[in-house]
Every structure is written in structure tokens, then in C-alpha cells.
Amino acid sequence: MEEELKCPVCGSLFREPIILPCSHNVCLPCARTIAVQTPESEQHLPPLLHSRGPAPPAAAAAPGAGPGAAAGSAACLDSESAAGGGGGDHADKLSLHSETDSGYGSYTPSLKSPNGVRVLPLVPAPPGAAAAPRGAGPASSSLTCPQCHRSASLDQRGLRGFQRNRLLEAIVQRYQQGRAAAAAAAKCQLCDRSPPEPAAVLCEQCEVLYCAACQLRCHPARGPFAKHRLAPPPAHPGAPGGGADGGGGGKGAGGGRKLPTCAEHDLENYSMYCVSCRSPVCYQCLEEGKHSKHDVKALGAMWKQHKAQLSQALNGVSDKAKEAKEFLVQLKNLLQQIQENGLDYEACLVAQCDALVDALTRQKAKLLTKVTKEREHKLKVVWDQINHCTLKLRQSTGLMEYCLEVIKENDPSGFLQISDALIKRVQVSQEQWVKGALEPKVSAEFDLTLDSEPLLQSIHQLDFIQMKCRVPPVPLLQLEKCCTRNNSVTLAWRMPPLSHNPVEGYILELDDGDGGQFREVYVGKETLCTIDGLHFNSTYNARVKAFNSSGVGPYSKTVILQTSDVAWFTFDPSSAHRDIVLSNDNQTATCNSYDDRVVLGTAAFSKGVHYWELHVDRYDNHPDPAFGIARINVVKDMMLGKDDKAWAMYVDNNRSWFMHCNSHTNRTEGGVSKGATVGVLLDLNKHNLTFYINGQQQGPPAFENIEGVFMPALSLNRNVQVTLHTGLEVPQSVKQPKVPNN
């Protein structure tokens, strides 16, 4: 978090920080040094001219200018004018003097902050320079942000016009106190003295605190310790501003601090927040009408709202930081694997080359060099990725700690001064973890193998076989995307991460729903597949494997999928006769023709017991609608049952007949009318078909010994309209018919 508390100009912890219009912060003393004053007549010049270095004395004077025209310009603070003549206030207005009356402040290249920002030297004004030359126009001051390089003009209040960041100032003070207390509390862990000496350093690799004497004796900067990193002692958990008790310190600091008053009305406390100006205001500011047309809301409500937004944004960064820590552990393990695999490859290479006697000696050295280069390349890539990720993680962690400290503050107005900027920074910090940023750029595997079979004369051409290809690894089934609907199942899978073996396609296998053998149902490159036409109320086992030019990989784990107990389906508009008219989401059917036309359902059955009903919505002029089942290739321009592809019951208002291959059987009394319900029971376990009218069985079982794949079917003309009802359980009366008395 310390980086968040340092001024970008001086590089030290903030002193009297002020908030610039771009939401960045600088120390008030540093702001005086980087401010620039220009005459109004020159304000159209590019900002680059305002920050240029001093010109050589010979070139600085214009032709014909006096002896003083070559003198460089300088800047100082007019503390008396800024304070209104008072000597106790800080000087906030900037006045610039120049012997050439150019009106420009010059940056001195030799004076730079630790962050590279050029500052103006504070040079006392020469005698007589306070009076402006005759004819010179009024001057205006500007301030360029050292971080985003945006310029801001100062009004008549000078630097007083920028708001003081009291929240940041309090956090810096608490941080300094906590750091001092922590440094005093940390003790050496190896001292023989009682009490131990204060710790001077912490070894990040050994995780041990050392005093100066123990460091020289037990942890010299040579040998294996030379690469260890020594850091200052960490913050003590109980110290103010550090660990879990830091919140208590912040609360106490906030409770004892005087409530801030309005910058324009010293006797008024902030009570409202102007959304348009993004600034807290007092009651008197509202009375004066300065914010009459602005969106003004209660200070407390906006404080809570912005705190919630910042907390929500922090959650995303926290998740990314956690992933980054896990990623760093993964990278460090990857380093170890690369080291081990590299050594294994070297040992194997040495053994093979030694077996080829003297003729392989020179070639062996070349091949060893290639392995070493490959290993060093991988190590370099991983180390670069570790350093890059560590830098991002440190920045995100620092920002998180700073934001958490800000959230602990109880100063609504101070919080709202910086909340918008912090929310944006947190969002930007989250966006920097782009897709792929937490994936290794190299693998621990070395794609090198040595072919030692060629004849002796081919030794000089011996080289590694690049891009060694292996069979693909086990695919991972994505169970959250696998689902069933009716008698279809959908499966999804993916390859495991860090898999570098190429994949040319996948093979999906499914059993028969009865625990039988697996069969291939899909071969291709897609990782999502839907299989239709399965049995209802059945349990299927599925598995997948990948393949490439080297062969077929192992099977995935087997996933168990259960199809629906009952069928939900509608009439199928794609296979219906063109005279059929469907409505009500394809659940209601009628016809435009006086001739019978056939329409099928969208489901297909080959196993199990299925029941559906058709409600007669309209019945005019005693037509003969037919209800039943059919093959998918049934003839659709004549009554259902007249060909060998359909099994049906056709019925009028008085009686019914069963029909198949144009054969009429089992005439039964009882017909249909408007409002009647026809039930169809297809029992493929017993291989028979039964019909019902208004809940009563119509005659004996209509057809027996039927096998194959069947679809619900209906034929009707324009005098009939029916509505299909599906997803029905088999009625109890149908399941257990009454046994006739002997």
C-alpha cells in the first residue's frame, strides 16, 4: 500500500495532499514547485512550451532586446498576496517574475523528483521585479498533473481552490505510526540475548527475522544466501494501521477528528453532495443558489452508495488477486518441473550419445546445447511472467489495501472527494487481468526427442524431432452444460488446461439405455453435441475421447443421463400436409380441405408406455377424424390407416373402427362430438395400441405385436379442429383395467 501513499513529485509520503481536477493527488509544497504562470496573451500556445527547459543565454534574447533579455525566468510564491496580507497562512497563489518579462516559468533540468517530474527552483524575486511592465497583459497560473499530464488553471484563489484530501492525510499519518510501532515490535528470532535485539531485516526465502549481528553471523551475503532477498521487518499485527486492528485505529482517528467545514463558509459543516460538481456542499451553498439546477443528494446516502460501489469493485480485484497468487504458486511449481524435466532430458541425451561412441561426441555437444537453450528459454519466459504478474499483483494489492483503509474512514465528504476516482482505478485494475494473463506461456514439457535408429553415416544429420506429438489427454465433461430434454440429451466437454497436444477431433459414445455396449454417436471437432430420438424414461451412459494423428486418447469419465418420464411434444409443421393449419403453438390442428390430411407429432417412440389425448374443439357435419400412430414416411393426403405405415381408429358421431392397410375391423358403438376427448395409449413394452373416448376404453386393444419407431398421428378435414395434450401420466384406470367377471 505504501506506493499509494507516495507523492508522484517528491516520492515521499504525502504532506498536506490536495486533489487535482483529474482526481490525482500531490503534496501542497510540491504543487507550488510545479505550477507555471503564463500571460493571457500567450495561453493559446501548446502545453509543451510551458514545460520546456531553459534556452541557452544567447538564444533566449530576441533580436534588439536589452542586456537583461537573455536572463532565464524563475518562479516563486507570493505568500503575502495569497494570504491577503496575513503572515500566518500558507502561500497558495503563484506569482512569477522574469527579467525578460516573458511571463513563462522555466523548468530546470537538473532539479527532478524521484519520479522524474521537473520542478521549478524557488528563487527570490529580484528587486523591482514585482511591478509588471507597461503593456503587459494579465497572467494566469496553471498546474500540470505529474501522472496524467493534464493541465488545470488556477483561479483567483490559487492553490486554495483545490480541495484538501483529508482522508489520505489521515491514512498517511496512521500508516507512519503503524510502521514505527511495527519496527519497534519486531525482534530477532536467532538472538541468544534476553530480550532479543530488534529485527533489522527479514529474509523472504528463509522467513526468519535477523538483527544486524545475527545477519552477519547466520545469513552472510555469499554462497547459497547470495540470492536471498532481504526486506525490512513486516508490519506488526497489533500495531496501529497494520493487520486486523488497523480498523480500530482508523475509527479512533476518525472519531477524534473535527468535522470538516465548507471551504467557502467556515462556520458551516458539509451536509449535502452535489452530483453535478462531484463535491460536498453546505446548507448555505444551497441557499445562495450556486447549485440550484444541479442534482443534489444527501451526503450520508451518497457516502453509503459510493462505499458500496467501491466494495463491489474491490470484490472483483480481490478474486483476481487470489487467482494471481495461485497462479504464482503454479508458476513456481512449473519452474521446478522444468528443472527436473530438463535434467531428465539431459541424462537421456547423454546416455544415447555415449552409445554412439566417438562418432557422436561432437553431435552430442550440439544437442546438449539445444536442450540447455530450450530450458533457459522456458525458464526466462516463466521468470518474466512471474515478475510481470508479481508487479501487477503488488499494484493491485496496494490499491486494495489503500481502498480498504479509505472504506474504514468515517468522513463522508472526504470519502466522496476521492470515491469516483478510486472506483475507476479499481475497475481499471480489474480489467488489466485480461483473458490469458493467468495462463503460462510455456509448458514444463520439452518437445524434443532423439531418434537413435539411423545408420552410422547419418550421425552428422542427427537432430531433435521438433514438436513431438502425443495422443490427446482425457477430455473433461462439463457437467453444468450437460442436460436432457424429452428423449434427447446434450453433452459438452473441453480439453484440460495446459494441454499442448493437438486435437483433430472427438468421438462421443452412448450405450443403448439398458446398460449394453457403447456405440459411436458423434465424430467431429465440436465440443457440444445433442442426440435425439432416445428412449423415454431411460438411463444412458455417455463418454468421450479425443484423437489426433498419433492415435486415440483415453476415455473421459462416464456421465449418466436420465431421459424424461413422459413425453412433451406438439404437431410437427415441417412434416404436415400443406393443407393442415396449426395454431396455439402447434398444439391445435384443423384443415383447409374437405379431404382428409395427415399431421404427425414431433416425438418418436420405440420403447416404454406413452399416453396422450386430443380434445375435439369443433365437429361439424359428421366427419370421420382418425387418431393413432404412424411411421415417418406415412402417406399424408388420405385418411390415416389406409396404407401400411399407419395404425388408427377413425370415428364418427355414433361408432368407430380400427384401420390398418385399409382394413376395417372391430366396429364399436360410441362416437365423438364437440368437447369429446380421445385418448391414445401406446404400450411398446406389451407392443399394443389402445384407444379411449372420454376416459372409457373404446373396444378391445386395437393392434398387437407392433414393433419399431412410431410417431403420434392424426388425419382430419376442415369440419374438425382438435387440440393436443401431452406430458400426461398414464391414468390409473388405464394402468389397471377392470378384470371381467367369470
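**Ground rules**

You're looking at a predicted model, where local features need pLDDT of at least 70, side-chain atom pairs count only at pLDDT 80 or more, and totals for chains, interfaces and linings use all residues. Residues are numbered from 1 along each chain as its sequence is written, and side-chain values use heavy atoms, with hydrogens and water left out.

**The big picture**

The protein has twelve helices and 37 strands. Those elements are DSSP runs numbered from the N terminus: helices are H or I with at least four residues, strands are E with at least two. Of its 742 residues, 42% count as buried (under 20% relative accessible area; exposed is over 50% and partly exposed lies in between, with a 1.4 Å probe and protein chains only). Take the contacts (heavy atoms within 4.5 Å) with a separation of 6 or more: 63% of them join residues 24 or more positions apart.

**Two open sheets**

Strands of a sheet pair through backbone hydrogen bonds, either parallel or antiparallel. Here two strands pair if DSSP finds at least two bridges between them.

| Strand pair | Sense and bridges |
|---|---|
| β1 (residues 17–19) and β2 | antiparallel, three bridges |
| β26 and β36 (residues 711–716) | antiparallel, four bridges |

If you want to find these pairs on screen, look for I19 opposite N25 in β2, and for V598 opposite S715 in β36.

**A helix pair**

Now for α10 (residues 361–408) and α11 (residues 412–431), which pack at an angle of about 155° with their axes 11 Å apart. The axes are lines fitted to C-alpha atoms, for helices over the stretch in contact, and angles run from 0 to 180 degrees between N-to-C directions. The two helices are therefore roughly antiparallel to each other (over 145 degrees; under 35 is roughly parallel, 65 to 115 roughly perpendicular and the rest oblique).

Which residues of α10 and α11 meet? From α10 come S396, L399, Y402, C403, V406 and I407, and from α11 come F415, I418, L422, R425, V426 and S429. The residues of this contact divide into nine nonpolar, two polar and one charged (Ala, Val, Leu, Ile, Met, Phe, Trp, Tyr, Cys and Pro are nonpolar; Asp, Glu, Lys and Arg are charged; the others, Gly among them, are polar).

**Two loop residues**

A444 is found in the loop between α11 and β15 (476–477). Is A444 buried or exposed? With a relative accessible area of 8%, A444 is buried. Leaving aside neighbours within four places in sequence, A444 is in contact with L334, Q337, I338 and N341. The C-alpha atoms of A444 and L331 are separated by 9.9 Å, while the two residues are 113 residues apart along the chain.

S556 is in the loop between β22 (551–552) and β23 (559–562). S556 counts as buried, at 7% relative accessibility. Which residues does S556 contact, leaving aside its neighbours within four places in sequence? They are V474, P475, L477, R543 and V544.
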